[in-house]
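Thanks for coming, everyone. Please take a moment with the picture before I start.

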Amino acid sequence: MVADTLSGVDRRYRVGIVGGGQLARMMHQAGISLGIDVHLLSETPGSSAAQVIANTTVGDHSQMDVLQRFAEEVDVLTFDHEHVPTKYLRQLAGIVEVRPWPDALSHAQDKALMRQRLTGIDIPCPRFAVCRTPEELAAFGEEIGWPVIAKTSRGGYDGKGVWKLDGPELASEPFDGKPDTSAGEEVVIVAEEFIDFTRELSALVVRSPSGQAVAYPISETTQVDGVCVETITPAPGLDDQQAVDLQAMALRIAGELEVVGLLAVELMAAPDGRVVVNELAMRPHNTGHWSIDGAQTSQFENHLRAVLDLPLGAPDLRATHVVMTNVLGGAEQDLTGALQHVFARDRAIRVHLYGKDVRAGRKVGHVTACDHDLDAALRRARHAARYLMGDPNA
């Protein structure tokens, strides 16, 4: 264990993060108070995380020689994204502690593998088929009924690599331009039943190598074009038993896959009462940003504790209701200047900016409102986010 290895040694923990996005930036923020030396492998020198992490290496995470040199500098390796080729993760595991382990992380990288494994352990999922040809996809649609959802097994995120197909004449669309492999791994199309869900939920759990695990309250999430725009925690109208059942399911998945670190289980509530797994992520997750200000221990700190095999912190709420609203790039270019109005209007609002250039629809920050009244929390978070996006009606 990393913690045992460093016990009694006058040296700080060295955690390497692959990926320079806002998740790495917020992991670094959580690591400061724990005395952790965070090392970053960033795609560019000006990335969100590279702006604030002194120990930054600029390099390509798809190159094994770059990954190996980076891994040799740290005690444990973790991730801001799931895009490191699986074959390289397995090689890195012989150099450094890779957390989550490659066998677990592969289920977040490969949607076909994830669907097969989860259904194999009786976790509720949409009906699906792994398709290698348009004919197979069309046959699946004819069997279960149109529309169907089609996804690339690897590489898709934030709505990319996902299609809603209304009939067999569109079955070839997901295959057009699809690479046959991703760094040597086969890329197929996963066809799924279309679920006209009533709402989307998120279950976040954290598990350490020693098996300790904690579960955060279930969140309701709002997605637009595949991008999370808002979370409400705890999910409104979810009865206590159902919430416990969903937390238990997420903990079971983490245990079965031997996840180390944070596991996000994205869920869809179907009109027939089913709650099925949509996606998995094994890293801090957009639906858990609320935890920085709204939980006793944030998802970022607990992820770092887990990868170092330190005792996990309490995931309990600090407030009755916590609303997180993403700030997407809009008309307002001077986000720092806009804080004057946001803070003057609401001294309790919490704002997190990611240091990114403002582009239309790009995630550039988020705001969090904690309140005893849900309507008030929603109103406060939405006003602040809209103002930061340059909405004249905010």
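Where does P100 lie? P100 sits in the loop between strand 5 (97-98) and helix 5 (102-109). A word on those names: helices (H or I, at least four residues) and strands (E, at least two) are DSSP runs, numbered from the N terminus.

Now the ground rules. This is a predicted model, where local features need pLDDT of at least 70, side-chain atom pairs count only at pLDDT 80 or more, and totals for chains, interfaces and linings use all residues. Residues are numbered from 1 along each chain as its sequence is written, and side-chain values use heavy atoms, with hydrogens and water left out.

Back to the backbone. Most residues other than glycine have a negative phi, and most peptide bonds are trans. Keep that in mind. The peptide bond from R99 to P100 is cis, with omega near 5°. The bond from T233 to P234 is also cis, with omega near -5°. P234 lies in the loop between strand 15 (227-233) and helix 8 (240-257).

Next, positive phi. D122 has a phi near 65°, and D122 is not a glycine. Look for D122 in the loop between helix 6 (111-120) and strand 6. D309 has a positive phi too, near 60°, and again the residue is other than glycine. D309 is in the loop between helix 10 (299-307) and strand 18 (321-328).

Are these two buried or exposed? The cut-offs: buried means under 20% relative accessible area, exposed over 50%, partly exposed in between, with a 1.4 Å probe and protein chains only. D122 is exposed, at 68% relative accessible area. D309 is buried, at 9%.

On to helix 7, residues 134-144. Which of its residues are buried? They are L137, A138, F140, G141 and I144. Those residues cover an arc of only 160° around the axis, which puts them on the same side of helix 7. The arc is that of the directions from the helix axis to the C-beta atoms. Facing away from that buried side are the exposed residues E135, E142 and E143.

What do the buried residues of helix 7 pack against? Four strands: strand 6 (128-131), strand 7 (148-152), strand 8 (162-165) and strand 11 (189-193). Contact here means heavy atoms within 4.5 Å. Just after helix 7, G145 takes a positive phi of about 100°.

Now helix pairs. Two packed helices are described by the angle between their axes and the distance between the axes. Axes are lines fitted to C-alpha atoms, for helices over the stretch in contact, and angles run from 0 to 180 degrees between N-to-C directions. Angles under 35 degrees count as roughly parallel, over 145 as roughly antiparallel, 65 to 115 as roughly perpendicular and the rest as oblique.

Pair one: helix 11 (residues 335-345) and helix 12 (residues 374-388). They pack at about 155°, with axes 9 Å apart. Helix 11 and helix 12 are therefore roughly antiparallel. Which residues meet? From helix 11, L335, A338, L339, H341, V342 and R345; from helix 12, H383, A384, Y387 and L388. That contact divides into seven nonpolar, two polar and one charged. For the classes, Ala, Val, Leu, Ile, Met, Phe, Trp, Tyr, Cys and Pro count as nonpolar, Asp, Glu, Lys and Arg as charged, and the others, Gly among them, as polar.

Pair two: helix 2 (residues 22-33) and helix 10. Their axes come within 8 Å and cross at roughly 75°. That makes helix 2 roughly perpendicular to helix 10. L23, M26, M27, A30 and G31 in helix 2 meet F300, E301, H303 and L304 in helix 10. By class, the contact has six nonpolar, two polar and one charged residues.

S42 is in strand 2 (residues 37-42). S42 is buried, at 0% relative accessibility. Beyond four places in sequence, its contacts include G20, S47 and A50.

V188 lies in the loop between strand 10 (185-186) and strand 11. V188 is buried as well, at 6%. Not counting residues up to four places away, V188 touches A112, V130 and C131, among others.

V265 belongs to strand 16 (residues 261-269). V265 counts as buried at 1% relative accessibility. Leaving aside neighbours within four places, its contacts include L201, A250 and V277.
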